[in-house]
Amino acid sequence: MKNIESKLTESRSYKPNESFKKKANINKTILFELNSQYKKTPDMFWSELAKKHIDWIEEFKTVCSGSAPFFRWFEEGKLNVSSNCLDRHINKNKKAIIHISEDNNKTVITYDELYVLVNNFSHSLKKLGLVKGDRVIIYMPTIPEAITAMLACARLGVIHSIVFAGFSSESLKDRINDCNAKIVITVNAFKRNGKIIKAKNTVDHALSLGCPSIEKCIIYKNINENTKFNKDKDLWWHDILAKESIVVEPEIMSSEDLLFILYTSGSTGKPKGIVHSSAGYLLNCILTNKWVFDLKDDDLFWCTADIGWITGHSYVVYGPLATGSTILIYDGAPTYPKADRFWEIIEANKVTIFYTAPTAIRTLMKLGEHLPRKYNLNSLRLLGTVGEPINPKAWVWYQSNIGSKKCPIVDTWWQTETGAHMIAPIPGVTQTIPGTCTHPLPGIDVDIVDDNGNSINKCNQGGNLVIRKPWPSMLRGIWNDEKRYKQTYWEKYNNKYYITGDTARLDNNGNIWIMGRSDDVVNVSGHRLGTMEIESAIVSHEYVAESAVVSYQHEIKGEAIHAFVTLKNNFTEYNNTEFAKELREWVKEKIGSIAKPERISFSDSLPKTRSGKIMRRLLRNLARGEDISGDTSTLENENILTQLKNIL
Ligand code: WT7
């Protein structure tokens, strides 16, 4: 752990502004009470919140049961998540979704309209024979129909698994097969950066690679674009959707029934299907929307995340809709057709809460402050970030140029596995400092421990970030892989803590600073990628003998990928520049554009120990332009370092 000592210091700090404080959902007293109630009677704390915020069909008796690593929450409770997001908000003439397309078409959908859409689509899914517990893949951009599909699944108790529409057909195929999905729902095509992306073709290709569990493919006609139609398998959304409104009784779900599977990268080549259940997940989504985003009835909340990521699940769909809020969704690129697209949308729609990733902020910062300055961004009252550590420079830029120095910034730390925010400022209370996600939320008990699992009680000393107590929205496992669940999250400290995989430190005011990952996971533009996953994609190319993937700091993306590659003997004469291009395309095809290596270096071999293990630590030093640190005496082929240094 010696090498994770922090050298970063930040002296700027910001108090919540007075007018925000006056109206905030949570003030100092409430926060104090919440924290002390949790300390004294954790079960009562969660029980009261769950009763207050969820509409139950039948109330629960126990709060948390089971033992690590398998916990159950609100076990006997019965509910339906979709009705919590819809049925209780109808007849109020309230807007649910404002959708802006890349072409700047605006659609407004009220809760009443969304209720009809979801019911009708549930009816269609039911007619296709889907029942509680079946799996459906949603491969769609962030459009109202994708949200409709999610909520329709939830209404029937069907488990959805959204695959980010930028993933390749191989990635899609792997996910379909891992969860044995019966149906895939997609669009004919969508536009991104002005280009037409034919999602249905990707689905067709995935199915042609072998997806025996798929019975039907439902296609929503999203834009005017021809698509192949396979009579045996394909169905048009508009053909199967009832013409008049049909009410489908929501399935009575137990608290612990699964709501969705979402695949994320880990430190092996195979993505893991993170599993979330119904009541607990919903509860933390609702609470964090109220506590961290200070969400109120008249807000317009824009979270720029795609529904393909957990942020889109918790802060586009389930959290905001369960609280009856109005969300804005935009399914285009941040800088298309012009670099000020975000600011234009905020002004035109009077967005009040804006939540995005540091990588987007850095991109927009680079384009210059004259762009946001052209717009009136006064409607904004709170800003948020998520996905990776935000560097203080970007934080301060965000605060002054977008937040007019008056908006609190909530830097929210959490994971696909945690379901909802774990560490984040309470905007009316917490003093914020650029670069730290500050303190754990009420009910969340985190610690920073050394490799033996002992608390590190020293300031600024890095360690492993763990969560000591179970919480309602925690993952319930990895789909079909109990062993990996235990190994990844629990075994190292004998089931004592949930292991986040992040390293962090505490400053002398108790603020938590996330330092990075402790495993082979990299974070490119806020997207989690496993280096092993990329390596296995690279070595699957017939010319490649071996590959090691590491990350290095990147001005915009946070981290970027550097792939070290050795070619099979008969291909070493190949033109490296040309081949690097080909390899990038290859990775794009295997995983998706986000995984394309920024840099590729070819060498005769890779630095290995005598036992044949690639020393990624040395490659990391090289990629980051650092001096080679630590011991190299176990290196089998020392001269390879000289060769690598020369080519970089
Ligand atoms: C990993 C989780 C959570 C939704 C988006 C990503 C990193 C996330 C922060 C933050 C520093 C952060 C962590 C975490 N991360 N938020 N505010 N500050 N790092 O979800 O793909 O599950 O990735 O993202 O490393 O473990 P994910």
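Predicted model: local features only at pLDDT ≥ 70, side-chain atom pairs only at ≥ 80, totals over all residues.

A: Searching the whole structure turns up four cavities of 30 Å³ or more. The largest cavity has a volume of about 50 Å³. Its lining is made up of Leu79, Asn80, Val81, Cys153, Ala154, Gly157, Val158, Met253, Leu258, Leu259 and Ser278. Helix 6 (144-156) and strand 14 (258-264) each put at least two residues into that lining. Sort the lining of the largest cavity by class and you get eight nonpolar and three polar residues, with no charged ones.

On to the open space. The second largest pocket holds about 390 Å³. It is lined by 18 residues, and Tyr38, Lys39, Gly443, Ile444 and Asp445 are the closest to its centre. At least two residues of this lining come from helix 2 (28-40), and at least two from helix 3 (42-53). By class, the lining of the second largest pocket splits into eleven nonpolar, three polar and four charged residues.

Then there's the ligand. It has 17 residues around it, and those that come nearest are Asp411, Thr412, Thr416, Arg517 and Arg528. Thr412 uses its backbone here: one of its backbone N or O atoms lies 2.7 Å from a nitrogen atom of the ligand. With Thr416 it's the side chain, where an N or O atom is 2.5 Å from an oxygen atom of the ligand. The side chain of Asn523 also has an N or O atom 3.5 Å from a ligand oxygen. As for cover, the ligand taken alone exposes 550 Å², and the protein buries 94% of that. Helix 11 (310-322), strand 20 (409-412) and strand 25 (512-517) are the elements that give two or more residues to the shell around the ligand. That shell has six nonpolar, six polar and five charged residues.

His541 counts as buried because its relative accessibility is 4%, and the cut-off for buried is under 20%. The side chain of His541 also makes a polar contact of 3.1 Å with the side chain of Glu582.

Technical notes. Residues numbered from 1 in each chain as written. Heavy atoms only, no water. Near = heavy atom within 4 Å. Polar contact = N/O pair within 3.5 Å; in protein donor to acceptor, adjacent residues only side chain to side chain. Areas by Shrake-Rupley, 256 points an atom, 1.4 Å probe, with all protein chains shown as cover. Helix = DSSP H or I, 4+ residues; strand = E, 2+ residues; numbered from the N terminus. Nonpolar A, V, L, I, M, F, W, Y, C, P; charged D, E, K, R; others polar. 1 Å grid on protein atoms, 1.4 Å probe; cavity = no way out; pocket = protein on both sides within 12 Å on 5 of 7 lines; lining within 4 Å. Points joined across faces, edges and corners; volume = space filled by probe spheres on them. Buried < 20%, exposed > 50% of the residue type's maximum accessible area, 1.4 Å probe, protein only.
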